[in-house]
Amino acid sequence: MDPSQNETPPQNGTTEINLGEVIITKATGKLNESPPEEITDNDVSGENGEAYLENGEGVVKTETASAEESEHVTLAVTEELAGVLQPHAQLPKPEAPRGLHDSPPPSPNDAASEKNQNLMPAIGKLIRERSNDFSSAFLKRFSSLKESNFADEFLKPSVTEFNLSGLTVTVKLKSETEQQTASLKGRISFFSRSNCRDCTAVRSFLKEKGLRFVEINVDVYPQREKELIERTGTSAVPQIFFNEKLFGGLVALNSLRNSGEFDQRLKEMIGSKCPDDAPASPVYGFDDLEEELTDQMIGIVRVLRLRLPIQDRLMKMKIVKNCFAGGEMVEVLIHQLDCGRKQAVEIGKQLAKRHFIHHVFGENEFEDGNHYYRFLEHEPFIPKCYNFRGSINDCEPKPAAKVGQRLTKIMSAILESYASDDRRLLDYIGISNSEEFRRYINLVQELHRVNLFELSPDERLAFFLNLYNAMVIHAVIRIGRPQGIIERRSFYNDFQYIVGGYSYSLSTIENGILRNNRRPPYSLAKPFGAGDSRIQLACAKVNPIVHFGLCNGTRSSPIVRFFSPQVIEAELRCAAREFFKSGGMEVNLDKRTVYLTQIIKWFDNDFGQDKDILKWILNYLDPTRAGLLTHLLGDGGPIHISYQNYDWSMNS
């Protein structure tokens, strides 16, 4: 900005000059007469201790101070020269900043307020000083690193760090492979299935290379299997696509990798933008269109829901909520269907068998007369069931084996994408936001009225093991991991599903079904009482090995896995071996002590006495641990059993 633009006409023989921004280094100034003629506009020069400054019409001559006078610098300026331009009279006057007002002399009554007023500026000053010190230290440190060839020697393609006072700065530079990957414009896609070893190998290779890819699991997206067959001519997986071009399976990938030409081929095939005819990425929130068969009796049920007088009643000195009498239902059926009373009773029995209605105390299926029943959606356990979303699934129930198989495939796909390689840690946040988990939530609604009695013993065992592990993941996402004893009891008892017309909690599945209705640890009551129809689904014999197939979401529990009915026994034995190998059992020969997991202590009735436990464990130990334990058991000396501390922290 030209300083001459701010000149004002002289008034009363004085000149007001706007000098812009002037930095005074050292000078004791005074006003003098006009400068020598050779000084030009806007020029500052000095000779023999004098300096001249000229701006337009006004000229100032100052005499600079010597080095000895530079410690205390003052500037004497006449009031006329230092005059400040005042705003127009009609304009609002600006308020002065805080702290610039003249204050009256302090009084004894104002001592406290004055102390508070002085405290805040002092705190602000302290914060500014600390902030400036930190910034100076950071810049100084970074400058020293830069001067010492920091960029060439220290910043290599790896994670590095340097420490400042109270701060650690970590620097991570992208490797050449990651930089090349970021420059790729195309897309890698591959079709897969759950629990496929070749698909796991392809997934691991792409992750090691740092390549972004789209996985299309045909077990999660069944309708994409048709697209797979159309594009490749086969339903075999994996099938890898670079953009729209089919590359092949694991054999082709290994061949290209071994030849050392993978990177070059990759650049050639996906160096361009992905075209529209490439396999599309799965979209969140859209379900596959499946033909749902409506239950044949749903029309009758809807009429009964409207016509029956549902109300609270007194029965056996108890108030029974939301129920109706069997005779009332028979009358509605006779009037609506124009049928006889006997036929109406038979229809009522069919409704009870399909789990539309239940006796309030579970005493019978359906009878005419003064017996009370309620609809499934009115059961008192419904508020605790997290697979109930406002209404009962009225579609024709699918076979329990088919529902269980689909549940296993979806949960296995979740583990492959959101679990660590050893399956010990899970990304619960990633799972909760995934399309796979959304489909799982929809799938478990089909459990409302499935017929579990049609399952074989192995199918039933695999079904409940898988359901338990899936419910734990759902419970951790929905209500969080419990922190104390009371919360743990609520976690295992109050988080429930409706399955086959009845409620099942984690404790009910483990102790009622898998342990043949045995009491839970530190409890006096069994899960199922007399007359409970769920007891018919319990395992005929308690097999202790099932404890190593259950993951309760903690770091000390066995890893999460899902089982197949065809090889359930072999998979359980493998689970037990891996658990003991990973620290579930240790032997100290010097102390003649065997350290066992707390799981064995909690369920000691399932494992037997101490020596029986050790002999049973021998079948599932690796050769090293088995040899040590055999030595202790064979020399006839005493063996001490100690139980390890249990880590209740979440496996995330």
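I began with Val-360: leaving aside neighbours within four places in sequence, Val-360 is in contact (heavy atoms within 4.5 Å) with Met-315, Val-320, Cys-323, Tyr-372, Tyr-373 and Arg-374. A note on ground rules: this is a predicted model, where local features need pLDDT of at least 70, side-chain atom pairs count only at pLDDT 80 or more, and totals for chains, interfaces and linings use all residues. Residues are numbered from 1 along each chain as its sequence is written, and side-chain values use heavy atoms, with hydrogens and water left out.

**Val-360, continued.** I found Val-360 in the loop between β12 and β13 (372-375). Helices (H or I, at least four residues) and strands (E, at least two) are DSSP runs, numbered from the N terminus. Buried or exposed, I wondered about Val-360? Val-360 counts as buried because its relative accessibility is 12%; the scale is buried under 20% relative accessible area, exposed over 50%, partly exposed in between, with a 1.4 Å probe and protein chains only. I also looked up the C-alpha atoms of Val-360 and His-371, eleven residues apart along the chain, and got 8.7 Å between them.

**Pockets.** On a 1 Å grid over the protein atoms alone, a cavity is a set of points where a 1.4 Å probe fits but cannot get out, while a pocket is an open set with protein on both sides within 12 Å along at least five of seven lines; lining residues have an atom within 4 Å of a point. Points are joined across faces, edges and corners, and a volume is the space filled by probe spheres set on them.

The largest pocket came out at about 1,000 Å³. Of its 37 lining residues, Ala-352, His-355, His-358, Tyr-502 and Ser-533 lie nearest the centre. The elements giving two or more residues to this lining are α10 (341-353), β12 (357-359) and β15 (502-505). By class I have twelve nonpolar, twelve polar and 13 charged residues there. For the classes, Ala, Val, Leu, Ile, Met, Phe, Trp, Tyr, Cys and Pro count as nonpolar, Asp, Glu, Lys and Arg as charged, and the others, Gly among them, as polar.

The second largest pocket has a volume of about 870 Å³. Its lining has 34 residues, with Arg-488, Tyr-492, Asn-511, Pro-520 and Pro-521 closest to the centre. Which element gives the largest share of that lining? I get α15, with five residues.

**Cavities.** I count four cavities of 30 Å³ or more. The second largest cavity holds about 70 Å³ of space, and its lining includes His-355, Tyr-502 and Ser-533. That lining has seven nonpolar, four polar and one charged residues.

**Helix pair.** I checked α4 (residues 197-208) against α6 (residues 250-259): their axes come within 10 Å and cross at roughly 35 degrees. Here axes are lines fitted to C-alpha atoms, for helices over the stretch in contact, and angles run from 0 to 180 degrees between N-to-C directions. Asp-198, Ala-201, Val-202 and Phe-205 of α4 meet Leu-250, Leu-253 and Arg-257 of α6.

Most residues other than glycine have a negative phi, and most peptide bonds are trans. I noted a cis bond from Val-237 to Pro-238, with omega near 5 degrees. Asn-195 has a positive phi, near 60 degrees, and is exposed at 51% relative accessible area. Asp-338 has phi near 55 degrees and is exposed at 72%.
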